[in-house]
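Try each task before you read its solution.

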Amino acid sequence: MDFLERPRYVPMSRRRRIYEGKAKILYEGPEPGTLIQHFKDDATAFNNKKHAVIDGKGVLNNRISEFIFTQLNSLGVPTHFIKRLNMREQLIREVEIVPLEVVVRNVAAGSLSTRLGIPEGTALPRSIIEFYYKNDELGDPMVSEEHITAFGWASPQDIDDIMALAIRVNDFLSGLFLGVGIRLVDFKIEFGRLWEGDMMRIVLADEISPDSCRLWDQSSGEKLDKDRFRRDLGGMLEAYQEVARRLGILNDNERNQTTGPTLVQ
Ligand SMILES: Nc1ncnc2c1ncn2[C@@H]1O[C@H](COP(=O)(O)OP(=O)(O)O)[C@@H](O)[C@H]1O
Ligand SMILES: [Mg+2]
């Protein structure tokens with residue numbers, strides 16, 4: 001065995017890839033129970049029917065999500081996030097994903113407006129939590145707590161925990177964005193089960209970024225999120241950069257590095 005010649009680190013190409021999704025790749029982590037979450041530049045919408053590569057988006061989402069998850073962790077909201085490793089990757093705890101997309105809405109937009117005929121921008125009488133079954137083949141259909149418990153996707157206790165955490169995340173995010181002149185219209189989050197011996201905890205997983213939130217500039221109403229891509233408004237990267245800038249995440253120097261190397265003639 002030529003074990004002496006083995007590199008001490010695992011090169012990208014030799015890492016075990018656990019899952020490749022639309023926007024991220026999960027690799028096996030350095031220790032059992034950990035994963036590396038890699039943010040790609042791919043943008044998809046309408047269940048993958050629309051696709052583009054936005055150079056630098058992955059870097060921004062990694063940084064924005066790190067910023068939010070770090071603060072949620074310190075507020076006592078349990079999350080999968082351990083630490084950021086580099087510009088595109090973060091170390092996370094592996095969880096058993098609850099197959100639900102949990103949407104919290106503060107203002108009418110998107111499918112809520114279409115389905116119920118409520119004009120986009122209407123403030124909702126209170127925050128509304130919706131559940132969608134996470135299944136690309138079925139187009140993530142909306143489900144009720146009845147479906148969730150009947151089909152065993154989550155228990156009534158899990159749903160209680162998920163809703164309580166979703167409300168805490170909404171309260172934190174609404175205030176965070178309000179403070180930088182952004183209206184948090186709605187967002188999607190995912191949860192997972194984390195086992196510690198016989199004990200199971202529901203924790204926040206996946207990401208929180210302009211890919212998974214609707215963020216409108218407070219004064220102009222300008223969209224600073226993935227709707228720029230869904231609705232062909234252009235300027236998606238600039239919008240994500242603006243969110244990062246307002247949150248104080250990227251310094252001037254780094255802002256120019258998110259779009260990758262440019263050829264110097
Ligand atoms: N901590 C975690 N442990 C295991 N799986 C996770 C964790 N966090 C997120 N995931 C899953 O990893 C995938 C992230 O990649 P993404 O490109 O968003 O996939 P998708 O196309 O399924 O949305 C999602 O399916 C998400 O549910
Ligand atoms: Mg996803």
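## Exercise 1: the ligand shell

A shell of 17 residues surrounds ligand 1, and the closest of them are G21, K22, K24, H80 and A205. This is a predicted model, so keep that in mind throughout.

**Task.** Work out which strands supply at least two residues each to the shell around ligand 1, and where the ligand lies relative to domain 1 and domain 2.

**Solution.** 
- Step 1. Start with the strands: β2 (24–28), β7 (89–93) and β12 (182–196) each supply at least two shell residues.
- Step 2. Sort the shell by class, and you get eight nonpolar, three polar and six charged residues.
- Step 3. Now bring in the domains. Domain 1 (3–95 + 250–255) and domain 2 (96–238) both give residues to the shell, so ligand 1 lies between them.

## Exercise 2: the largest core

**Task.** Find how many residues the largest nonpolar core has, and say which element gives the most to it.

**Solution.** 
- Step 1. The largest nonpolar core has 53 residues, and those with the most contacts inside it are V102, I162, L184, I189, F191, L204 and L215.
- Step 2. Go through the elements that each supply at least two residues of this core: β3 (34–39), α1 (57–74), β9, α4 (156–178), β12, β13 (199–205), β14 (213–217) and α6 (236–246).
- Step 3. Among these, α4 gives the most, with seven residues.
- Step 4. Both domain 1 (3–95 + 250–255) and domain 2 (96–238) give residues to this core, so the core lies between them.
- Step 5. Zoom in on I189. Leaving aside neighbours within four places in sequence, I189 is in contact with V102, A166, V169, L204, D206 and I208.

## Exercise 3: β14 and its partner

**Task.** Say how many bridges join β12 to β14 and in which sense the two run, then find the residue of β14 that stands opposite D186.

**Solution.** 
- Step 1. β12 and β14 run antiparallel and are joined by five bridges.
- Step 2. Along this pairing, D186 stands opposite R214 in β14.
- Step 3. Check how covered the strand is: four of the five residues of β14 are buried, so it is mostly covered.
- Step 4. D186 also leads you to A108: the two are 78 residues apart in sequence, yet 8.2 Å apart in space, C-alpha to C-alpha.

## Exercise 4: buried or exposed?

**Task.** Decide whether A108, D206, N48 and R16 are buried or exposed. You'll need the cut-offs: 20 or more other C-beta atoms within 10 Å for buried, 12 or fewer for exposed.

**Solution.** 
- Step 1. A108 lies in the loop between β9 (100–107) and α2 (110–116). It is buried because 20 other C-beta atoms lie within 10 Å. Beyond four places in sequence, A108 is in contact with S113, I118, P119, E120, G121, T122 and L124.
- Step 2. D206 sits in the loop between β13 and β14. With 23 other C-beta atoms within 10 Å, D206 is buried too.
- Step 3. N48 is in the loop between β4 and β5, and its 10 C-beta neighbours inside 10 Å make it exposed.
- Step 4. R16 is in the segment before β1 (17–20). R16 counts as exposed because it has 9 C-beta neighbours inside 10 Å. Not counting residues up to four places away in sequence, R16 touches Y27 and E28. The C-alpha atoms of R16 and E28 are separated by 5.5 Å, though the two are 12 residues apart along the chain.

## Exercise 5: a hairpin and some positive phi values

**Task.** Describe how β4 and β5 pair, then find the phi values of F46, N48, D206 and G248.

**Solution.** 
- Step 1. β4 (residues 42–45) and β5 (residues 50–53) pair in the antiparallel sense over four bridges. A45 stands opposite K50 in β5.
- Step 2. The two strands form a hairpin with four residues between them, and F46 in the turn has a positive phi of about 55°.
- Step 3. N48 has a positive phi as well, near 75°, in a residue other than glycine.
- Step 4. For D206, again a residue other than glycine, phi is positive and near 60°.
- Step 5. G248, which follows α6, has a positive phi near 75°.

Methods. Residues are numbered from 1 along each chain as its sequence is written. Chains are lettered from A and ligands numbered from 1 in the order in which they are written. This is a predicted model: local features need pLDDT of at least 70, side-chain atom pairs count only at pLDDT 80 or more; totals for chains, interfaces and linings use all residues. Two residues are in contact if their C-beta atoms, placed from the backbone, lie within 7 Å. A residue is near a molecule or strand if its C-beta atom, placed from the backbone, lies within 6 Å of it. Ala, Val, Leu, Ile, Met, Phe, Trp, Tyr, Cys and Pro count as nonpolar, Asp, Glu, Lys and Arg as charged, and the others, Gly among them, as polar. Domain bounds come from an automatic or database domain assignment. Two strands pair if DSSP finds at least two bridges between them. A nonpolar core is a set of buried Ala, Val, Leu, Ile, Met, Phe, Trp, Tyr and Cys residues joined through C-beta atoms within 7 Å.
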